Amino acid sequence: MKLKQGSFLWYLYLDKLYCLLSVRNVKALVEYFHLLDVHRKNTLNGQYFHVLFYHFLHHVTDLTRNQITVVFHMLDWNAAGEIGFDQFYMLVCILLAQENHLEEQFLFRHSRPVFELLDLDGELKIGPDNLYMYNFLFNIKKEQLRDLYYNFDITGDRLLNYKEFKLFTIFSMDKYQESQKAEKEKKNEKALLQKKVAQVNESQRESLLGTKQFESISNYNC
Amino acid sequence: MEGKAFKASAKSSSHPGSGRSSLQDIRSMWSTATLSQPKLNVQLPTVREDSELEDFSVSGKTRWSYDQKAGHDAEGGWEASDGGEDKDRFKPEEPELGGDSSQGSRLEEDASKTDNEKSTSESSLNISRHTPHRAYWVEQQNRLPLPLTELMENEALEILTEALRSYQSEIGRDHSLTKQLQRYIEGLKRRRNRRLQVLAI
């Protein structure tokens with residue numbers, strides 16, 4: 001999923017630690033939501049063809065019609081057929097987390113609300129199909145899903161309860177931080193190497209200049 | 001931080017969303033009202049707030065940036081540079097300082113007087129530099145920046161125009177919801193045109 005460059009959401013920014021919008025951003029988002037709330041119901045209507053919501057997502061993202069329908073059903077947690085500002089805010093945070101590659105952090109920080117979103121049936125457990133249905137939002141790959149259920153399904157019922165899901169988010173967060181650290185070290189090493197090469201080149205150049213000068217002086221003396 | 005920012009706006013308008021009265025207050029601030037105040041504690045609007053919070057910076061892709069720290073640093077920088085200039089102005093007193101103790105107390109009084117004069121001159125310099133900026137930032141407390149509002153409205157118009165086509169095809173042109181949406185879109189377009197005309201002037 002990608003946000004359309006230059007769209008309003010594209011300019012918003014999540015706090016990298018808490019993966020939430022600042023008050024000022026929320027204020028702007030409220031104004032935006034009210035602009036789209038044509039019928040003055042403090043909601044984006046859904047109904048059976050979820051028009052406003054669909055056109056909004058279609059305009060600002062590259063999600064397909066089916067994916068937008070899936071998102072709508074996920075967010076319409078009270079089955080009202082409409083999306084209120086709370087759900088809209090949640091959606092924007094999820095979209096921004098994906099856009100800014102903060103999925104692991106977002107899942108870690110907001111594991112409870114995400115779990116409740118994914119738990120469509122209200123059974124307090126998530127099956128692999130549920131998770132896979134939303135992988136375009138949370139960027140969970142198939143291999144990861146397989147590992148997830150293999151490593152974290154402690155109860156062995158092939159479903160994840162909240163504690164197991166939370167463990168998974170902690171594990172992915174650790175893995176993400178390690179990969180970030182490794183990447184940073186790699187960059188530092190590269191920069192150091194480049195610096196050393198530049199220094200060596202500089203010293204070689206100086207020594208060459210030195211010998212040329214010596215030669216010219218000795219030629220002059222002769 | 002946000003509280004102080006909203007306090008400043010509360011001073012300028014009696015109640016939030018007040019139309020003309022807030023505009024008039026802001027205009028008066030643009031003129032002379034602030035000159036009487038000795039020191040300005042202006043809270044600039046923040047999108048970039050703190051290192052713990054989000055980072056919002058101007059880049060080539062023009063993300064919005066109102067940097068409070070930068071503003072404060074700038075103010076500090078202005079104050080520091082003004083302080084330096086003013087110190088130079090008041091420096092002639094120093095060569096007259098002697099080792100005489102009887103002059104010591106008088107000199108201390110003079111020093112304190114010069115300090116006071118220095119602070120008022122510093123503040124007046126700061127006021128003259130801050131006045132236009134202060135009014136601008138206070139105005140921004142109640143409103144979103146104009147470019148952002150414009151972007152939001154344009155985008156909303158595009159989305160709603162597409163939605164109108166769906167409404168017309170799905171539920172018909174005569175349906176109340178379709179007509180409501182149509183009226184809303186026309187209202188948005190009128191508002192946008194009015195704003196463009198004002199900008200053109």
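Student: What separates A:Glu202 and A:Arg205 in helix α10 of chain A?

Tutor: About one helical turn, because the two are 3 residues apart within helix α10, which covers residues 162–221. Keep in mind that this is a predicted model.

Student: What makes A:Glu202 and A:Arg205 a salt bridge?

Tutor: The N to O distance between their side chains is 3.6 Å. The rule asks for a Lys or Arg nitrogen within 4 Å of an Asp or Glu carboxyl oxygen, so the pair qualifies. By this rule there are 4 salt bridges over all chains.

Student: Why is A:Glu202 called partly exposed?

Tutor: Its relative accessibility is 36%. Buried would need under 20% and exposed over 50%, so A:Glu202 falls in between. A:Arg205 gets that label too, with a relative accessible area of 49%.

Student: How do you know that B:Glu153 and B:Arg191 meet in a salt bridge?

Tutor: Their side chains come to 2.6 Å, N to O, and the cut-off is within 4 Å, so they pass. B:Glu153 sits in helix α5 (residues 146–170) of chain B and B:Arg191 in helix α6 (residues 176–200), so this pair ties together parts 38 residues apart in sequence.

Student: Is B:Glu153 buried or exposed?

Tutor: Buried: it has 3% relative accessibility, and the limit is under 20%. B:Arg191 has 40%, so it counts as partly exposed.

Student: Which salt bridge does B:Arg195 make?

Tutor: B:Arg195 meets B:Glu153, again at 2.6 Å, N to O. B:Arg195 lies in helix α6 and B:Glu153 in helix α5, so here the parts tied together are 42 residues apart in sequence. Both B:Arg195 and B:Glu153 are buried.

Student: What makes B:Glu153, B:Arg191 and B:Arg195 one network?

Tutor: Shared partners: the salt bridges join these residues. B:Glu153 pairs with B:Arg191 and also with B:Arg195.

Student: Which residues form a nonpolar patch on the surface?

Tutor: A:Leu17, A:Tyr18 and A:Leu20, with about 240 Å² of accessible area together.

Technical notes
Residues are numbered from 1 along each chain as its sequence is written. Chains are lettered from A and ligands numbered from 1 in the order in which they are written. This is a predicted model: local features need pLDDT of at least 70, side-chain atom pairs count only at pLDDT 80 or more; totals for chains, interfaces and linings use all residues. Side-chain values use heavy atoms; hydrogens and water are left out. Helices (H or I, at least four residues) and strands (E, at least two) are DSSP runs, numbered from the N terminus. Buried means under 20% relative accessible area, exposed over 50%, partly exposed in between (1.4 Å probe, protein chains only). Patches are made of residues with over 30% relative accessible area and no salt bridge: like charges are joined within 9 Å, nonpolar side chains (Val, Leu, Ile, Met, Phe, Trp, Tyr) within 5 Å. Accessible areas come from the Shrake-Rupley method with a 1.4 Å probe; for residues, only the protein chains shown count as cover.
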